[in-house]
Amino acid sequence: MKDLQLITLTVNGTEHELVVESRRTLADVLRHDLGYTGTHLGCEHGICGACTVLIDGSPARACLTFGVQADGCSISTVEGLASDGELSDLQRAFSERHALQCGFCTPGFLMLAEAYLAEYPNPSTEEVREVVAANLCRCTGYQGIVEAISDVARSRRESR
Amino acid sequence: MKPAPFTYHRAHDVRGAVESLHELGEDAKLIAGGQSLVAMMNFRLARPSALIDVNRIDALRYLRRDGEGLRIGALTTHHTVESSGSTAALAGFGVLSHAARWIGHYPIRTRGTIGGSIAHADSTAEWCLLAVLLDAQIVVRGQVGERSVAAADFFHGFLTTALEPEEMIVEILFPRPAPHAALSEFAQRKGDFAIVAAAVDLDVEDGVCSAGRIALGGVDAVPIRVPEAESLLQGAPATAETFRAAADAAAAAVEPGSDAHGDADYRRGLARTLIERACAQAIAV
């Protein structure tokens with residue numbers, strides 16, 4: 001028997017009311033029930049970080065949280081970064097620094113970096129290296145990702 | 001993989017959580033941050049029939065100092081402890097915020113909780129090790145009321161604790177400040193489960209250790225203290241030689257198992273190195 005729950009999620013500013021099965025992870029709710037397929041699922045047990053989204057501004061593995069647990073929360077996904085078809089500064093930096101190749105892990109890295117820079121605007125390169133260890137990238141070797149995040153930290157600091 | 005079906009129940013206070021545990025029976029489980037439990041459920045290593053979500057019990061999110069010590073509410077996240085290092089509540093307890101950085105990764109620490117980690121009782125978990133090192137009291141509540149269990153008596157074996165099926169951890173009480181304490185560990189990759197973790201707490205005055213405590217994770221089914229090594233710290237000068245002697249004694253005293261991550265000798269070697277490292281950090285702060 002399915003255990004069904006009525007929940008409300010605000011995703012990138014849009015409110016959704018929906019019925020979900022309790023065992024559905026937030027990642028599957030976003031992808032299958034709401035169509036936010038930018039959130040990728042790699043390992044489904046909290047190792048790879050591809051499914052990283054923000055729950056009320058804090059970064060979280062969407063595969064390690066059930067959708068019903070996020071009832072009433074604001075969720076930010078990669079779809080919310082660009083506005084009016086314009087890439088965000090972080091997305092542009094990833095492109096400029098070749099911080100992606102196949103791109104599968106990229107939504108997770110972008111959301112991780114988004115949350116991190118909001119909380120820690122002045123990271124050292126070492127600190128950026130440490131934080132990106134949270135997610136797996138099999139293509140780039142991380143150098144481009146570290147450079148992209150450091151670039152954005154610098155440019156956001158200078159424009160403040 | 002996807003987890004097996006379960007029924008979902010949300011608790012709004014501790015009493016409600018404990019009542020739900022009673023009503024839903026032994027196959028029900030509390031879920032806090034879920035950073036270990038949901039991974040186990042996705043692997044179907046855990047198949048609870050019901051989950052009682054305690055995340056909305058905001059009254060259990062606190063770091064508070066009083067005459068008895070430092071009280072940390074069970075639902076306080078690792079990240080909150082990590083980022084509270086400069087607060088008055090954590091004065092003398094810097095080891096907790098430093099050690100929190102060893103736990104998983106940033107997006108794990110924002111969800112995972114200290115009470116959840118203690119209840120899960122992984123023998124290499126940072127909070128379990130520090131609870132044993134610093135003689136913490138684990139405060140639990142059940143239908144009949146509250147009781148307090150010393151950390152030394154709380155961990156019974158691999159992922160097994162003194163927690164009764166109808167009880168919930170509500171608070172961790174650290175009774176005394178530990179200004180000269182540190183934790184160090186080793187894993188193949190940053191953020192992985194430690195193969196071995198070592199934590200030390202030294203009483204140092206004028207360059208002499210009047211006493212010291214040493215705890216190890218990853219060398220037994222539960223985090224352990226090493227009295228054979230601790231006795232070598234008593235009244236000894238706080239020098240690298242003393243720490244090396246204690247580390248050697250600890251490595252000789254423990255009987256770790258062997259697995260794919262490292263055999264017994266390798267773990268002994270790690271224990272030796274990590275104790276020396278932790279001691280050096282402990283007197284540097």
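This is a predicted model: local features need pLDDT of at least 70, side-chain atom pairs count only at pLDDT 80 or more; totals for chains, interfaces and linings use all residues.
Me: What does the secondary structure of chain A come to?
Reply: Chain A has 5 helices and 5 strands. From the N terminus on, its elements run β-β-α-β-β-β-α-α-α-α.

Me: How much of chain A is buried?
Reply: Buried residues account for 47% of the 160 residues in chain A. As for contacts between residues at least 6 apart in sequence, 59% of those in chain A join residues at least 24 apart.

Me: Where do H3(A) and H5(A) meet?
Reply: On the H3(A) side, the residues are Phe109(A), Ala113(A) and Leu117(A). They meet Ile145(A), Ile149(A), Val152(A), Ala153(A) and Arg156(A) in H5(A). By class, the residues of this contact are 7 nonpolar, no polar and 1 charged.

Me: At what angle do the axes of those two helices cross?
Reply: Helix H3 (residues 106-119) of chain A and helix H5 (residues 143-158) of chain A have axes that cross at roughly 35° and come within 11 Å.

Me: Is that crossing left-handed or right-handed?
Reply: The crossing of H3(A) and H5(A) is right-handed.

Me: Turning to chain B, how many helices and strands are there?
Reply: Chain B contains 11 helices and 15 strands. Its radius of gyration is 19 Å, close to the 19 Å that the globule rule gives for 285 residues, so chain B is as compact as a globular protein of that length. The C-alpha atoms of chain B fill a box of roughly 55 × 45 × 30 Å along the principal axes.

Me: What percentage of chain B is buried?
Reply: In chain B, 53% of the 285 residues are buried.

Me: Which domains is chain B divided into?
Reply: The division gives domain 1 (7-53), domain 2 (58-174) and domain 3 (181-284). The C-alpha centres of domain 1 of chain B and domain 2 of chain B are 19 Å apart. Their contact takes 12 residues from domain 1 and 17 residues from domain 2.

Me: Which element gives the largest share of the domain 1 side?
Reply: Helix H1 (residues 14-24) of chain B does, with 5 residues. The side of domain 1 that touches domain 2 comprises 6 nonpolar, 5 polar and 1 charged residues.

Me: How many residues does the contact take from chain B and from chain A?
Reply: It takes 23 residues from chain B and 25 residues from chain A. On the chain B side, the elements giving two or more residues are strand E1 (7-10), helix H2 (37-42) and helix H5 (106-109) of chain B. That side divides into 11 nonpolar, 8 polar and 4 charged residues.

Me: One last topic: what is phi of Asp84(A)?
Reply: Phi of Asp84(A) is near 50°, a positive value in a residue other than glycine. Asp84(A) lies in the loop between strand E5 (74-76) and helix H2 (89-96) of chain A. The residue is exposed, because 4 other C-beta atoms lie within 10 Å, and 12 or fewer count as exposed.

Me: And Ala121(B), buried or exposed?
Reply: Ala121(B) is buried, because 23 other C-beta atoms lie within 10 Å, where 20 or more are required. Its place is the loop between helix H6 (114-120) and helix H7 (126-133) of chain B. Phi of Ala121(B) is near 60°, also a positive value in a residue other than glycine.

Terms used:
Residues are numbered from 1 along each chain as its sequence is written. Chains are lettered from A and ligands numbered from 1 in the order in which they are written. Domain bounds come from an automatic or database domain assignment. Two residues are in contact if their C-beta atoms, placed from the backbone, lie within 7 Å. Helices (H or I, at least four residues) and strands (E, at least two) are DSSP runs, numbered from the N terminus. Ala, Val, Leu, Ile, Met, Phe, Trp, Tyr, Cys and Pro count as nonpolar, Asp, Glu, Lys and Arg as charged, and the others, Gly among them, as polar. The radius of gyration is taken over C-alpha atoms; the globule rule is 2.2 Å times the number of residues to the power 0.38. Axes are lines fitted to C-alpha atoms, for helices over the stretch in contact, and angles run from 0 to 180 degrees between N-to-C directions. A crossing is left-handed if the near helix is turned anticlockwise from the far one by less than a right angle, and right-handed if clockwise.
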